[in-house]
Amino acid sequence: MTIEAGQSLTGQPTTVRQGGARRPLGELGRAALGRAGRAALLATGRPLVPDALEPLVRVHRLHHPQGDLGLLARAYRLAEASHRGQKRKSGEPYITHPLAVTMILAQLGAGTTTLVASLLHDTVEDTELTLEQVGAGFGPEVAYLVDGVTKLEKVDFGAAAEAETFRKMLVATGDDVRVMVIKLADRLHNMRTIRHMKPASQVRIAKVTRDVLIPLAERLGIHVLKAELEDIVFATLHPEEHARARTLMAGHEAAPDTVLEPFARQLARQLAEAGVAAEVTVRPRHCVSLHRVLLKRTGAPGPDGRPQGPRPADFGRLLVVVEENADCYAVLGELHTCWTPLPGEFKDFVAAPKFNLYQSLHTAVALSGGAVVEVLVRTRRMHEVAETGVVALGDPSPAAAAQDTDELDRTDPARPGWLSRLLEWQQETPDPDAFWSTLTADLAGDREITVVTESGETLQLRAGATCVDAAYLLGEETGHRCIGVRVNGRLSALSTVLEDGDLLAVLTETLPAGGGQPSGPAPEWLAHARTPAARLAIERWLADPPARLPAVRTGPAAAQPAPPGRRTAERRSAPVAVAGRPGATVRLARCCTPVPPDEVAGYPIRGGAVAVHRTGCPAGERMRADGRAALEVHWQPQDAPAAGHRVTLRAEALNRPRLLADLTAAISAAGVGIVSAEVEPPQESRVRHTYTVELPEPAALPGLMRAMLRVSGVYDVDRPHAPEGGQAPPRPATARPSDRKWG
């Protein structure tokens, strides 16, 4: 059954009013339908079902001809008996609510088990029936679904009852997504009858629906349910804007369609001539969708400088439904050949489905009169999934999930990635208020993006996520060790907001061979984190950072406590001993970055410390010329610094695209962490890259320089001596292979 987005689940035009509610399918002429149904039962030998269940049975058999009607009838009789005497706020018998909810699910195409659980979904919460009795009568599967949607008592949880109820439902949804499907159908019927609630309750319920339930419906791909919820929430919270949109829709429906219908007929003829079997229809926009278009129009001035009003093509889009995946692209070819496509409007969600399993081709073409029409192209199977989401996938059991009839059908009935991440971080948020605020913030993003790592791993992130979020999605250990990122081949800041399709590499620090803790995240990372998992991991680290390795000291015995003012210097102490000055603080010069087995010399500096320079370093020679006596120093390999040996390398290369990406990839592949990188402007097709890296051991330096030299376009790699003042030396006029040295 095809359900248009601009229609209610009953197939009638969607009309959201504060003063009236819609009737579920089948209420009109119920007596006549009941008599006909009983006659049909007797004629076909089907099990007898109560009259009230006949409309639901008729809809259910359209999707599931072999459904167990006897089980449905038994569930209805138990629900009716349990709720007997109870009334809704509208004054109707309470049984009308589970019946209506079950009808919504039947129209979506839900299975018999889901419908049975829906009929019983309020019995454990509102009647004397127990969960054990439900399980004994209908099996553990139905009992699990009923328990999943049963609210927690305010007597037990107080103000936290609503937050903890949603937590309970989400955890249950992690094992069976039908729990949330039933909850969404339940909320839809309650929203249809929200006019019977007090105004304050209407606003509260509408806001929770807007902030939590509608985003969940979007993530589960149930578009028809999401669209109707959006319209009712819009009418409740913004009645004036809703009335304006409804007035415009009514005016458009009353006038002849001069754009969409004629174009639909023209496109259908063109596809028929091309031999593409397709069904072309006009898909009306629902209220909220039209309101978004109106906001876009008013925000974009027209040629006269005034805000633009709605155009005839704004009230709907064309939907083209074909049989095969390949036909989608055939339709696209005809569209872009016969009409002018708009740049930037084409999106291929067939090859790359959305996070909620949605698949379609989106495009927009300009007609001869100047009108712009949006067109959606999909197969029938894609249309079912686009409209009813996870419900169209059927039984979520592993056996059903293993069935794959079309290798190009990329729908995945397994647990969605967003739900897995949500279930992970909710375990780390025991406080109900923190859980609720984090949940609403996490669901606020209405779309997700796909990022691919340079190693080929695919990451699903919410829109607006940064490189910090991606690093922690790869694992908490990777996030804590992250020292930089490369996005699309360029070194980027950790605060960079990722876009759909970005290529990412996370650069991590190398830990000492003997083990140890990473340097960990900085407090400012919290400002860059957009996902709950990243924020919680960073907050845990900052609140209780793991113990670091003991600092390596060159001086008195380790048991002797150090003065507080010297602890930072000692943490960075070098594996160098100074002759005649035991215990002297040693600092390796940053201008020449000496590492073993470089020939080095020490020079006394302020505070009694000794600066160690490579022999021949201009800065060291100047210190000698100023009268500072050179001190004898020698390496102590057994006292290697825990953070690794820092060294600066300079690569001279011919400028070309992706040179930076290839060089940083070569450094990362050598297991070396990059501390900083600098790229000078190209001169005469030559470019200079300067990297400061941390080596896990000095012996890794020659191999690293050879790896950099093997990068295409690189003709020299050396270790620069920066002159006093920190400026780089002038670029040599020529580069010779003999200059390729490391010591």
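Please bear in mind throughout that the model is predicted.

I begin with the five-stranded sheet. The sheet is open, its strand order is β8-β7-β11-β9-β10, and its pairing is mixed. At its edges stand β8, residues 458–462, and β10, residues 490–492; each has a single partner strand, so one side of each lacks a neighbour in the sheet. Direction ignored, neighbouring strands here are turned by 40 degrees against each other on average. Helix α28, residues 659–669, packs on this sheet and touches β9, β10 and β11. The direction of α28 makes about 145 degrees with that of β9.

I turn next to strand β6, residues 372–379. How many of its eight residues are buried? The count is six, and the strand is therefore largely enclosed by the rest of the structure. Strand β2, residues 316–322, runs parallel to β6 and is joined to it by five bridges. Strand β5, residues 361–366, pairs with β6 in the antiparallel sense over six bridges. Val375 of β6 takes part in both pairings: Leu318 stands opposite Val375, and Thr363 has Val375 as its bridge partner. β5 and β6 also form a hairpin, with five residues between the two strands. In the turn, Gly370 has a positive phi of about 100 degrees.

Is His480 buried or exposed? His480 is buried, its relative accessible area being 8%. Its side chain makes a polar contact with the side chain of Tyr472, at 2.9 Å. Beyond four places in sequence, the residues in contact with His480 include Glu509, Pro518, Ala537 and Trp541.

Finally, the nonpolar cores. In soluble globular proteins, nonpolar side chains tend to be buried together. The largest core in this model has 73 residues, and Leu53, Leu105 and Leu120 have the most contacts inside it. Setting aside neighbours within four places in sequence, Leu120 is in contact with Ala75, Leu78, Ala79, Val134, Phe138, Val142 and Val146. Apart from this core lies another, of 26 residues, among them Val280, Val320, Leu335 and Met382.

How values were computed:
Residues numbered from 1 in each chain as written. Predicted model: local features only at pLDDT ≥ 70, side-chain atom pairs only at ≥ 80, totals over all residues. Heavy atoms only, no water. Pairing = 2+ DSSP bridges. Helix = DSSP H or I, 4+ residues; strand = E, 2+ residues; numbered from the N terminus. Axes fitted to C-alpha atoms, helices over the stretch in contact; angles between N-to-C directions. Contact = heavy atoms within 4.5 Å. Core = buried A, V, L, I, M, F, W, Y, C linked by side-chain atoms within 4.5 Å. Buried < 20%, exposed > 50% of the residue type's maximum accessible area, 1.4 Å probe, protein only. Polar contact = N/O pair within 3.5 Å; in protein donor to acceptor, adjacent residues only side chain to side chain.
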